[in-house]
Amino acid sequence: MSKPVRINGRGVVKGRAEGIALVADATLSFWGEVDPVTGRVISVGHPLQGESFAGRVLVIRSTRGSSATPMILKLAKLEGKAPAALVNLEVDALAALGCIVNRIPMVADLDQDPFTLIATGDYVVVDADRGVILVTKASVLCDSPAGHSPGR
Amino acid sequence: MDLTKEQQDILEGSRGEFLAQCMRWLVEWGEVMRARRLVAVDNTHVLLPVPNLMARGASRTTMERYVAELREACRHPTHPRCYCTVHTAFVTLDDLDVPENDPEQVQAQRELVGLAVASGFIPTFTCAPYLVGNVPLRGEVCAWTESSAVVYANSILGARTTRHGTESAIAASLLGWVPEFGVLLDENRKGSLRIEVTAALDSPTDWGALGYFAGRIAGLGIPVFNGVRRPSQDEAKQLCAALATSGGVTMCHIAGVTPEAPSPGAAFREEVPTDFTVFSDTSLRETYQLLRNPTGDEIDSVILGCPHASIREIAQIAALLKGRKVAEGVSLWINAARATKASADFMGYTAIIEAAGGRILCDTCPTNMRVPARRIVTDGFKQAHYARGMLGAEVIVAQTEPCIRAALHGRWIGNE
């Protein structure tokens, strides 16, 4: 099994989490564009429309817009549908606040393009204490009998 | 971050566990955002809503735990220096005969209002606090939730607020401090992209189109608009709301209008970028088309007052509705702050609107409440953008007059 790909960044909100990646080279507003109870993206025409971020590592450019971001993350967290971690290019202050309040690790300011290196379905370990992201490709997971299942 | 002795003591529990928690939120947030200290805050606008259908299908435990924290927040007095107002709720406290206004949630919200008032919050329940008395002065440090109001405070009033969330705004209200980062600092208020406006902007909704266009390209940046006249208050409201909808914008500059930007040069601190984007009449038309996706003409909802309507907008709507009737099967909603509705009641506008079959909805909006709608006409870009996903509705964004015409005819008949 080949070595995981490593991306370095800034551990914005500390903590460690891992899970299947959900990736879009796009921004997302937690207000009005997601349902905190199902953990799904509901925004019409959004590249992640219909996808669930529950328990997954959400890789997007940044969150956008609303001051309700921490509130929606809190409701999602209480329902067990929050993302496992956030990997963003830019730090939106409201995503940072939402992650702090709800203990969700967040990494940003990356040294490589996450949209080239991480695809939806890859298995990602986010170590925000050290600012390190380790990516195991889904193809490797499928080939390896000992690998994690990339299923939902 | 450098903390004073008093701040450090609070962090260590000198004023109890909840205020220590509040201080931890502010300090940790400040460190993440690279603030070096906490600064005094004069003015807050906080979120205190019970979740209602925002959390449709959530467990009872989730709802109770969420509200329990808001109750705890309202057990502490607000800081004596702070003017603290309250954002919209997800229910109306007025009687409203729709199942979405869940009586149990309304009761929980009423109880919260009682606690909030006792602790010093002013329950304005609006997304546009600047329309109902909370008008910070130039340079005033604020901690506001509601991203559209944040853009308005920074860009139109020259006040200073980053975009806040529930916990940070509550902590600021009770402790009287905020971490100093982002647009609280001079160097972060500089324009980052230049937009030359050649389009003729004739209405608040046209200004909303400009904001929606600019937010899409601005991301988290600070757009500078050049070539536009001074907007009216209603036009500025639409511009700011749309900027914070399609983008993560915290402030913009309107050259000649924003207090600290008498010229484009001032907005860019004399480093005016040579490249710019043009907002032309074609861009204006194309931006409207982004939020017009009907598969038919018949409509069931007209939603005005996003952000909450001013008394002047309500007067205009009443004039258009006087002596007429909204079509059968169409709901005409005009969202407004309670204080604005009190003026509308006093001036006779509410009676005219209700006689025509419309209603003024206080404290919230139909989208917040999740009132079902299949095809919506609205004069707010923000409303149109979010209603698609939140209500699963088709939307048509248009100026106020054609919205009212659609309400009277029960179908979208175009702009003319």
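I began with α6(B), where I found Thr166(B), Glu167(B), Ser168(B), Ala169(B), Ile170(B), Ala171(B), Ala172(B), Ser173(B), Leu174(B) and Leu175(B) buried, a residue being buried if 20 or more other C-beta atoms, placed from the backbone, lie within 10 Å of its own, exposed if 12 or fewer, and partly exposed in between. I noted that the model is predicted, with local features needing pLDDT of at least 70 and side-chain atom pairs counting only at pLDDT 80 or more, while totals for chains, interfaces and linings use all residues. Residues are numbered from 1 along each chain as its sequence is written, and chains are lettered from A and ligands numbered from 1 in the order in which they are written.

The helix is mostly covered, with 10 of its 10 residues buried; helices (H or I, at least four residues) and strands (E, at least two) are DSSP runs numbered from the N terminus. Just after α6(B), I read a positive phi of about 80 degrees at Gly176(B).

I then looked up the interface, in which 35 residues of chain B are in contact with 32 residues of chain A, contact being C-beta atoms, placed from the backbone, within 7 Å. On the chain B side, α2 (17-32), α3 (60-73), α6 (166-175), α8 (233-246) and α15 (381-390) each supply at least two residues. That side divides into 13 nonpolar, 15 polar and 7 charged residues, where Ala, Val, Leu, Ile, Met, Phe, Trp, Tyr, Cys and Pro count as nonpolar, Asp, Glu, Lys and Arg as charged, and the others, Gly among them, as polar.

Next I checked two of these helices against each other: α8(B) and α15(B) pack at an angle of about 30 degrees with their axes 8 Å apart, the axes being lines fitted to C-alpha atoms over the stretch in contact and the angles running from 0 to 180 degrees between N-to-C directions. That makes α8(B) roughly parallel to α15(B) (angles under 35 degrees count as roughly parallel). Gln238(B), Ala241(B), Ala242(B), Thr245(B) and Ser246(B) of α8(B) make the contact with Phe381(B), Lys382(B) and His385(B) of α15(B).

Ala17(A) stands opposite Val126(A) in β11(A). With β7(A) (residues 57-60), β3(A) runs parallel through 3 bridges, and Leu22(A) stands opposite Leu58(A) there.

Technical notes. Two residues are in contact if their C-beta atoms, placed from the backbone, lie within 7 Å. Two strands pair if DSSP finds at least two bridges between them. Angles under 35 degrees count as roughly parallel, over 145 as roughly antiparallel, 65 to 115 as roughly perpendicular and the rest as oblique.
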